[in-house]
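Please keep the sequence and the structure in view while reading.

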Amino acid sequence: MGETHSLEDRFQAFVEAENKVEPKHWMPDGYRKTLVRQISQHAHSEVVGMLPEANWISRAPSLRAKLILLAKVQDEAGHGLYLYSAAETLGTSRDQMIDDLLSGKAKYSSIFNYPTLTWADMGAIGWLVDGAAIANQVMLCRTSYGPYSRAMVRICKEESFHQRQGYEIMMTLAKGTKEQKAMAQDALNRWWWPSIMMFGPSDDNSPNSAQSMKWRIKRKSNDELRQEFIDKTVAQAEFIGLTLPDPDLKWNAETGHYDFGEIDWTEFFEVIAGNGPCNAERLAARQKAHDEGAWVRDAATAYAVKQAARKPNPSTQTHAA
């Protein structure tokens with residue numbers, strides 16, 4: 001028992017000194033489990049997040065828009081692969097993580113359980129959803145686990161492009177016809193509250209945050225990140241002439257931040273529990289893709305076995321003197 005405490009104390013000192021934990025290092029079981037949960041959930045969110053956007057590739061209003069959206073969806077697939085690979089270094093197989101997703105055991109971001117009704121939703125997702133993701137993920141570039149930290153550097157660079165692309169869509173619509181501006185405002189109205197829910201439950205109702213911050217997995221609390229996102233987004237909305245759908249939103253000179261209205265936590269926890277507008281649809285789509293891709297996985301496995309059988313065994317080879 002004393003030795004375990006000693007290892008945990010040394011580990012804590014190690015991360016507090018801003019060192020990176022690598023797969024070969026000793027780590028507490030709780031640290032490993034927390035990372036597997038967080039990284040796999042992040043990976044699942046990237047993969048499931050492709051679904052509401054891919055639905056609009058063929059309906060984008062121009063060739064340029066199609067190419068940009070297609071590139072974005074491809075980026076998200078790559079992000080999922082980076083993150084699954086990072087999680088695998090902790091000893092959990094990708095197959096297990098995907099099984100947990102398909103069975104409903106593992107979670108993904110609640111935001112992807114809302115429908116995309118118009119082209120303006122592609123703008124709102126890029127501006128708000130990716131903007132919220134960046135607020136969460138920039139701090140993860142400094143997370144204590146090395147493979148996760150390094151994956152996040154590239155992911156954040158690409159997410160920044162996605163956020164700008166979404167904001168450009170909203171700006172174009174807001175400066176367009178009366179109908180186009182109304183469509184942009186409608187998308188903002190529908191995506192605003194789900195976006196600020198992305199930061200997770202409030203700090204006093206977030207059981208994992210304190211320990212994650214102690215281990216330097218997280219660097220800021222849910223409420224801190226949510227406040228930073230709101231403060232930045234108010235000015236962005238004003239610049240393009242749109243209104244954030246919160247009558248209680250107002251500047252507080254004493255705190256130096258915007259006060260905002262009460263979040264509907266009942267809705268948040270309902271979506272997390274699987275009762276959102278598109279939960280069943282999203283999982284059904286992932287299950288269908290998984291089933292239809294079985295032949296590809298089988299072919300790749302058979303090819304790997306065949307190649308391994310052809311590879312000469314060094315222990316049986318003889319060499320001329």
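## Basis of the description

Helices here are DSSP runs of H or I with at least four residues, strands are runs of E with at least two, and both are numbered from the N terminus. The model is predicted, so local features need pLDDT of at least 70 and side-chain atom pairs count only at pLDDT 80 or more, while totals for chains, interfaces and linings use all residues. Residues are numbered from 1 along each chain as its sequence is written, and side-chain values use heavy atoms, with hydrogens and water left out.

Lys107 belongs to the loop that runs between helix 5 (94-103) and helix 6 (120-138). With a relative accessible area of 34%, Lys107 is partly exposed, where buried means under 20%, exposed means over 50% and partly exposed covers the range in between, computed with a 1.4 Å probe on protein chains only. Once neighbours within four places in sequence are set aside, Lys107 is in contact (heavy atoms within 4.5 Å) with Gln41, His44 and Ile272. A polar atom of the Lys107 side chain lies 3.2 Å from the backbone oxygen of Ile272. Between Lys107 and Ser40, the C-alpha to C-alpha distance is 8.7 Å, although 67 residues separate them in sequence.

Ala280, in helix 12 (residues 279-292), is exposed, with a relative accessible area of 61%.

## Helix packing

Two packed helices are described by the angle between their axes and by the distance between those axes. The axes used here are lines fitted to C-alpha atoms, for helices over the stretch in contact, with angles running from 0 to 180 degrees between N-to-C directions. Helix 4 (residues 63-88) and helix 5 have axes that come within 9 Å and cross at roughly 115 degrees. Helix 4 contributes Leu81, Tyr84, Ser85, Ala87 and Glu88 to this contact, and helix 5 contributes Arg94, Met97, Ile98 and Leu101.

For helix 8 (residues 178-197) and helix 10 (residues 222-240), the axes come within 10 Å and cross at roughly 150 degrees. On the helix 8 side Trp192, Ile196 and Met197 take part, meeting Arg226, Phe229, Ile230 and Thr233 of helix 10.

## Salt bridges

Side chains of opposite charge can pair when their charged atoms come close. With a salt bridge defined as a side-chain nitrogen of Lys or Arg within 4 Å of a carboxyl oxygen of Asp or Glu, the count comes to 14. One of them joins Lys72 and Glu53, with an N to O distance of 2.5 Å; this pair links distant parts of the chain, Lys72 being in helix 4 and Glu53 in helix 3 (residues 50-54), 19 residues apart. Lys72 is buried, at 1% relative accessible area, and Glu53 is buried as well, at 2%.

Arg190 forms a salt bridge with Asp121, their closest N and O atoms being 2.6 Å apart, and this pair connects helix 8 to helix 6 across 69 residues of sequence. Arg190 counts as partly exposed at 24% relative accessibility, whereas Asp121 counts as buried at 0%. Arg190 also forms a salt bridge with Asp186, with closest N and O atoms 3.0 Å apart; because Arg190 and Asp186 are four residues apart in helix 8, about one helical turn separates them. Glu18, Arg216 and Arg219 are linked in a network of salt bridges.

Key. A polar contact is a pair of N or O atoms within 3.5 Å; within protein, one must be able to donate a hydrogen and the other to accept it, and residues adjacent in sequence count only if both atoms are side-chain atoms.
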